[in-house]
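Me: I am new to this structure and would like to go through it step by step. Could we look at it together?

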Amino acid sequence: MADEHGATGAVLVVGGGISGLTAALEAAEVGNDVFLIEKGPSLGGRVAQMNKYFPKLCPPSCGLEINFRRIRDNRRIRTYTMATVQAVTGAPGNYEVTLSVAPRYVNSNCTACGDCTAACPDEMVNEFNFGLDKAKAIYLPHPMAYPRRYVINKEKLSAAGASAISSACKYGAIDLEMKPETLTVKVTSIVWATGWTPYDAHKMDNLKFGQSPAIVTNMMMERLASPSGPTDGKILRPGDNKPITSIGFVQCAGSRDENHLEYCSHICCMATFKQMSYVREQYPDAEIYVFYIDLRTPGKYEKFRAERMADPKAKFIKGKVADVILEVDGGVTLVAENAVTMEKISQRVDMAVLATGMQPRAALEPMSVAVRQDANGFLLSEADKGYYAAGCAKKAADVVTCAQSSTAAALKALQVSRR
Amino acid sequence: MNVQPDLEFIRQLKTAGGDTLKKCFQCATCSVACPLSTDKKPFPRKEMIWASWGLKDKLVTDPDVFLCHQCGDCTEKCPRGAKPGETLGAIRAYAYQQFAWPQGLAKLTTSAKNLPVLIGLPAVVILIMWLFSALIGVSGLHIPNHEQFAEHGYQHFFGSWNFYWYGKNIAFIALIMGVSALIAIISSWMGVTRMWKAMAADAKINATYRPSVFQFISRFLWPSIWETLQHKRFKECKTNSDRVSGHLPLVLAFIGLFLATCWSLIKNDILGLIWPSLHGPLWFWDPIKLIANVAAIAMLYGIWVLWQNRRKMEAEGRASNTFYDWFLIWEVAAVGITGLLAELLRWGGMPGLGYVVYYVHLISVMMLFLYMPYTKFAHIVYRTLAMCFERYRNSSFVQ
């Protein structure tokens, strides 16, 4: 292989979240060429939606900024956003991969000045904020977007909108005639870092998600607490923007449940503890209720748990919420049996957070290339094919673990190029 | 500490449908999903862990075990497939065995392997009685001719051909069914009194005043029976709400057939002493006969619904295939089918085949009576008493 590709046989990294970024950088910094492709309009993935990381409680902008900087400075990495894998032909060490790049409708003249968004009359559901607010049909994916370039959702753009944004752009960056492109890259191995999606909370019919704005998911909570979120970081009850006096966290919402996700998603306990500190920071007197089956905070996370459990206004109830009652005042009542006191409790709260789990993206969207999956849709590495799974595509994990598994995948991918 | 696991307890639970018990991880979803579970004493989560720990003494004295109507709402929501509803059913099966007398007879009913004996015992008893009936009086052992069959139906099964002996048939029936029922009643009485005492002790009830028999019936027993007849709790179930459409006709059928049997007894064997012409099967349009026939059809319909329901649940993995559950369904189906078939054969004028079917009918009825306190049928007494106990526990006698 080295004869054909040199010692620097290229690696394809599919997915531009924290795992894909890590794998791409690790491989490139060893000296290999890397193609990093991302389906969305920006790199950063789920981490970009977070308010803070646990356990250090620093904003993810810091981790992403460092990684984006390393990518920008590394000439061996070529990034393609809005790109997907169409087909893979050839053999390990000598793959030819066809990539399809969807039109962005905004060219490289864009300076991200934002005049277009201000002029755009067309609104749509803001997926980045999980529908908590509206976005314009031309938008910057997120404040830290990389590449820092706007993107158009053409389906949501009216004719009036098209002319409004075209005339608003001083740089001639709007190109509504842009066509999808296909390109081919030669790589020796592929790292699959296709990431995860929050489990669809609508599927737990007893938890009534979608029937009251007071019921949100943990990822929505991240956006509510984020300074770049729909409420500028103020935790307010969606719907009526009421400051909260009480909040309930519903653990294992759809996880460890053979009717939904049969596995433990690993991060939801820590995410809830983290979000308890968001609440406590803004509401020193708010009552916090955490309903759980088991609290899983292994290793050094135990300290983090102990600190949160010392909160005198936080109550921990060992029992899974199995029913939710919508109240007329906009709040909700969470019903569970406390297995310790052996009593059924109905706790009224202003707002409920469903700690939904991670579902591998590959379980929801069919892969264009056959990659082995387990029963839950997590990807399995195939050494004989030079396919390596990384991050949450491989198993539900926190950022630290994703970085580790991505580094490991990068090393394996490099080994193929030097076989 | 030397731990001695009670393997027999686990084995019995497993055979009666509790094979999924160990999957439970105590999330308590079941206690919320259950429409009958109360705020102060929710179930079945606590029963699941008691069973896991082998605390069988706590289980058999827990009224909640018997209050469960096995609707399956908990099993539906269970995130682990631990099937709490089925497990509680298995715990009840275990409890019936614990309270049972005589133990040997009770043990027989726990396994399909004993079916030859379970069927053979009443078959032999009734056959011997039939043969024995030939030795007493006149015209014993026989298959009637068409005229006799048309006139008397099955009323001379144990032989009765003239005035002096016409009480013989009913004497034999009473001997067989009466003794079976008596064993069942004695066994049930012993069981429920033991259960009541144990429950009272477990609930630490130290009542100064005991309710009189009249008070017990009017304040606890009758309201419980009335509630059962209305299927109030059954109707709370969501997942398997169609079980009511099977169980309700079945209950009403049993009541209807009981009334018809009582009337038949009075008419033939009491009033018939004065007016011999009252002997013979009831006229088709006789109101009591109409009730009996409607009840027979209701019985067959009810058991057909429950049969289908059970099969569907098993096919979908929501219930386990156990002898405990099926034995009662088979028994009731056998009573209904042979009963109706015997009547049809009487109308069709086929005495030989009719007598054979009637013989099988007697076997199935005797099985239903005799094995009542040990099989799933026992819920008729134990659940009723648990409902009484629940009322008693919340009454002024205790509080």
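Me: Which residues of α6(A) are buried?
Reply: This is a predicted model. In it, the buried residues of α6(A) are Asn218(A), Met219(A), Met220(A), Met221(A), Glu222(A), Arg223(A), Leu224(A) and Ala225(A). Eight of the eight residues of this helix, which covers residues 218-225 of chain A, are buried, so α6(A) is largely enclosed by the rest of the structure.

Me: What do the buried residues of α6(A) pack against?
Reply: They pack against β12 (196-198), β13 (215-217), α7 (268-282) and β22 (351-356), which belong to chain A.

Me: How many residues of β22(A) are buried?
Reply: Six of the six are buried, so β22(A) is also largely enclosed by the rest of the structure. Met351(A), Val353(A) and Ala355(A) point one way from the strand. Ala352(A), Leu354(A) and Thr356(A) point the other way.

Me: Is the pairing of β13(A) with β22(A) parallel or antiparallel?
Reply: β13(A) and β22(A) run parallel and are joined by three bridges. Within this pairing, Ile215(A) has Ala352(A) of β22(A) as its bridge partner. Strand β16(A), residues 246-253, pairs with β22(A) as well, in the parallel sense over five bridges. There, Val250(A) stands opposite Leu354(A) of β22(A).

Me: Changing topic: what is the strand order in the open sheet that contains β20 of chain A?
Reply: The order is β19-β20-β21 in chain A, and the pairing of these three strands is antiparallel. The edge strands are β19 (323-326) and β21 (343-349) of chain A, each of which pairs on one side only. On average, neighbouring strands of the sheet are turned by 25° against each other, direction ignored.

Me: How many bridges are there between β20(A) and β21(A)?
Reply: Seven bridges connect β20(A), residues 332-338, with β21(A) in the antiparallel sense. Asn338(A) stands opposite Glu343(A) of β21(A).

Me: How many bridges join β5(A) to β10(A)?
Reply: Seven bridges join β5(A), residues 94-101, to β10(A), and the two strands run antiparallel. Thr182(A) in β10(A) is the bridge partner of Ser100(A).

Me: Now chain B: at what angle do α11(B) and α16(B) cross?
Reply: The axes of α11(B), residues 168-202, and α16(B), residues 351-370, cross at roughly 20° and come within 8 Å. These helices are therefore roughly parallel to each other. The crossing of α11(B) past α16(B) is right-handed.

Me: Which residues make that contact?
Reply: From α11(B) come Ile176(B), Met177(B), Ser180(B), Ala181(B), Ile183(B) and Ala184(B). From α16(B) come Val365(B), Met366(B), Phe369(B) and Leu370(B). By class, the contact of α11(B) with α16(B) has nine nonpolar, one polar and no charged residues.

Me: Finally, how many residues are in contact between chain B and chain A?
Reply: In chain B, 18 residues are in contact with 17 residues of chain A. The elements giving two or more residues to the side of chain B that touches chain A are α2 (29-33) and α3 (45-53) of chain B. Of these, α2(B) gives the most, with four residues. By class, this side of chain B has seven nonpolar, five polar and six charged residues.

Note on methods
Residues numbered from 1 in each chain as written. Chains lettered and ligands numbered in written order. Predicted model: local features only at pLDDT ≥ 70, side-chain atom pairs only at ≥ 80, totals over all residues. Contact = placed C-beta atoms within 7 Å. Nonpolar A, V, L, I, M, F, W, Y, C, P; charged D, E, K, R; others polar. Pairing = 2+ DSSP bridges. Axes fitted to C-alpha atoms, helices over the stretch in contact; angles between N-to-C directions. Parallel < 35°, antiparallel > 145°, perpendicular 65-115°, else oblique. Left-handed = near helix turned anticlockwise from the far one by under 90°. Buried ≥ 20, exposed ≤ 12 C-beta atoms within 10 Å, placed from the backbone.
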